[in-house]
Structure formats: structure tokens, C-alpha cells
Amino acid sequence: MQNWGTGLAITGSGSAAPGVSLSNAELSQWLETSDEWISTRTGIQARRLASAPESLVTLATAAAQQALAMANLDPTELDLIVLATSTPDDLFGSACQVQAALGAKQAVAFDMTAACSGFVFGLVTAAQFMRMGVYRNVLLIGADVLSRWVDWRDRRTCILFGDGAGAVVLQAHEADQLLGFALQSDGSQNSCLNLAYQGQETPLTAEISVDQGRFTPITMNGQEVYRFAVRRVPEIIEKALFHAGLTTADIDWLLLHQANQRILDAVAQRLSVPAEKVISNLAQFGNTSAASIPLALDAEVRQNRIQVGDCIAIAGFGAGLSWGAALFRWGR
Ligand code: UT7
């Protein structure tokens with residue numbers, strides 16, 4: 001077995017969002033809501049919606065191509081593709097379709113489901129393969145098309161979500177730029193946020209029946225999830241900082257899963273991170289689940305706001321319930 005026994009660096013990023021943007025005012029045309037309510041309660045002003053021929057695979061592939069170009073890495077050099085998503089085009093997984101679309105012939109590819117924590121969980125998963133020396137060049141994608149799965153008549157949920165994809169390239173690097181992480185799950189609170197299968201008994205013979213149901217739209221106890229996020233996210237970031245031997249003063253950028261501007265503000269306040277270090281793209285994209293962190297990261301990198309060596313604290317949280325944080329330095 002290959003063994004490079006090494007660390008990793010994040011050497012490229014990319015992102016893709018559907019062409020169609022839906023504003024709060026447009027939502028108010030069929031929903032009993034208002035731009036004022038949505039903006040003040042969430043910070044969201046618009047969200048992108050995927051429509052054919054756009055799909056989870058096309059968005060993920062476009063983001064991945066950009067990330068590979070930035071890293072100056074040919075797809076054939078990839079060893080592993082991890083696709084963090086809860087909304088694959090195919091329940092068997094969509095990562096292999098992305099692999100084929102990229103022409104990443106040597107790469108093993110698989111999907112990872114951890115809802116809005118998917119990108120953080122995916123980063124930590126990929127890092128283990130790299131630190132063991134098994135894989136050198138890894139593509140991590142966070143992508144979701146939740147617009148397929150929300151009830152567009154449920155104003156408590158549909159106003160929040162949008163579609164998109166973000167990707168990063170991870171490469172073997174002697175000085176490990178992943179400084180620390182912490183992950184957690186609490187399935188006892190699973191009912192707070194679901195995109196659940198609902199069974200339906202379908203008889204095959206007089207004695208035998210099978211369960212042929214369907215997935216039902218997203219349900220969420222918003223207040224519970226809000227409380228969970230504001231309490232658990234600062235905790236998990238502190239834990240990751242402790243593992244890294246760092247303090248909040250070392251954070252150059254705080255990049256949280258983009259769920260609600262009020263959550264971003266409350267977490268930053270609890271950690272005493274000043275507002276100018278908090279990254280937010282909520283206004284234009286809403287909550288894009290596993291895509292939200294790499295989508296926002298890529299925009300900051302491309303605007304040269306994030307510089308090589310900057311220390312970035314990321315945290316994902318959501319369905320599971322699951323939550324996690326990671327600290328890394330950008331670039332080699
Ligand atoms: O990615 C996964 C992580 N998800 C999250 O982090 C979501 C966390 N939760 C939240 O962000 C917030 O709880 C929401 C934005 C979902 C809701 O905000 P809230 O301040 O917790 O509102 P609420 O649920 O307490 O509702 C307040 C009122 C209610 O009316 P009454 O009962 O006070 O008369 C709702 O019916 O606002 C009403 N309401 C709305 N009104 C206009 C709920 N949704 C809407 C709406 N437009 N879209």
C-alpha cells in the first residue's frame with residue numbers, strides 16, 4: 001500500500017449555483033409571508049433554484065472543475081472524490097456520475113450523507129485517508145438541491161432553502177494545514193429536522209406485501225434547531241480550537257453553515273469574533289445545506305479576501321442532529 005504519511009493542504013476551491021434566483025418578494029406572490037419577515041428573521045433575500053438540465057451532478061461537476069483548475073490538478077490525478085449531499089440525483093449515490101463527468105478515471109468516488117454538516121464531516125473523512133498516506137489528491141464536494149424536497153406551501157421551511165455546490169481540492173502536504181476538528185451527533189433529537197421516508201404497504205400476494213412509500217418534504221422545528229445551533233456550535237468550535245492548541249483570537253475567518261444570519265451573529269458574539277471576520281452569503285443564496293460552506297469559501301477566495309495562511313474556522317450543523325467544526329489554514 002502507498003504510504004506518504006503526511007498532512008494535507010487545501011489548494012483550490014470552486015462553486016456553482018443555478019441560474020434562476022427567487023426573491024423574497026416573488027415568494028410572497030403565493031405564500032403568506034413578506035420580504036420584511038424573511039429578511040429580518042433570517043438575513044435571506046433570495047435563493048437559487050435548480051431546473052433541468054441543471055441537476056445535483058451538473059452543479060457538483062461545475063464546482064469541482066473550478067476547484068481543480070485553481071489547484072492546477074488534472075482530474076486523472078485524483079485518488080478520491082467525496083460528495084457530501086443529502087439530495088443525490090440517484091439514491092444509490094451521485095459521486096460516480098461526477099467522477100465520470102470529470103474524467104477522473106483513477107478516483108474512487110462515494111457519497112456521504114450528513115445533511116448540513118456534510119462538508120465538515122466530509123473534510124474530516126477525507127483527511128483520514130490522506131493522513132494514513134492512502135490517498136494524495138482528493139476532491140471534496142458539498143452540493144444540495146433542497147428545492148426538490150421542500151413543501152413550497154410551507155412558509156416555515158421553504159423560505160430558507162436554496163440550491164448550489166461548492167468544492168475544494170485537498171492535496172498531500174508535509175505541514176498539515178488541517179489544524180483541528182471535532183464532530184458530534186445526537187440522534188435523540190432526530191425528529192427536529194427530517195426529510196423522511198413514509199412507508200406505504202403494497203400487497204404483492206394475499207400473504208406478502210412490501211413497503212413502497214415515498215420521501216415526504218422537509219419538516220423542521222425551527223425554534224429547537226435554532227436553540228441547538230446557538231448552544232452547540234460555539235462549543236464545538238471551542239473543542240476544535242482546543243485540539244489545535246489555538247484560541248478564538250487565532251481565527252481569521254469564521255465560516256459557519258449558512259442557516260440564519262441571527263445564528264451567525266449569535267455564535268460570533270459568544271466566541272467574541274468580530275463581525276468583519278464572519279463570512280456570510282445568506283442574502284443571495286439562503287441555506288444550501290452541504291454546499292453552503294464551500295460556496296461561501298470560494299467567493300471569499302476569488303475576491304482575494306481570504307489569503308494563503310489565513311486560519312479559517314468552519315462549522316456545520318443540522319439534521320441528525322449532527323454538528324462539527326474544523327480549523328484549517330488556506331492554501332499551502
Ligand atoms: O440547515 C439546518 C439548520 N436549520 C436552521 O438552523 C434553522 C433554525 N431556525 C431558524 O432559523 C428560525 O427558527 C426560523 C427562521 C425557521 C423561524 O424564525 P423564528 O424567529 O424562530 O420564528 P417562529 O417559528 O417562532 O415564528 C414566529 C411567527 C409565527 O407566528 P405566530 O405563531 O407568532 O403568530 C409563525 O407562524 O412567525 C410566523 N412565521 C412566518 N411569518 C411570515 C413563520 N414563518 C413565516 C414566514 N413569513 N415565512
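Mentor: UniProt positions here follow the numbering used in this structure, feature names are shortened, and annotations may be inferred rather than shown by experiment. This is a predicted model, where local features need pLDDT of at least 70, side-chain atom pairs count only at pLDDT 80 or more, and totals for chains, interfaces and linings use all residues. Residues are numbered from 1 along each chain as its sequence is written, and side-chain values use heavy atoms, leaving out hydrogens and water.

Trainee: Which residues does UniProt list for "active site"?

Mentor: The unreviewed entry lists Cys116, His257 and Asn287. They span 172 residues in sequence, yet no two of their C-alpha atoms are more than 8.8 Å apart, so they gather at one spot.

Trainee: Why is cysteine 116 called buried?

Mentor: Buried means under 20% relative accessible area, exposed over 50%, and partly exposed in between (1.4 Å probe, protein chains only). Cysteine 116 has 9% relative accessibility, so it counts as buried. Histidine 257, at 1%, therefore counts as buried too.

Trainee: What is cysteine 116 in contact with, leaving aside neighbours within four places in sequence?

Mentor: Contact means heavy atoms within 4.5 Å. The partners of cysteine 116 include His257, Asn287 and Phe317. Histidine 257, counted the same way, touches Cys116 and Asn287, among others.
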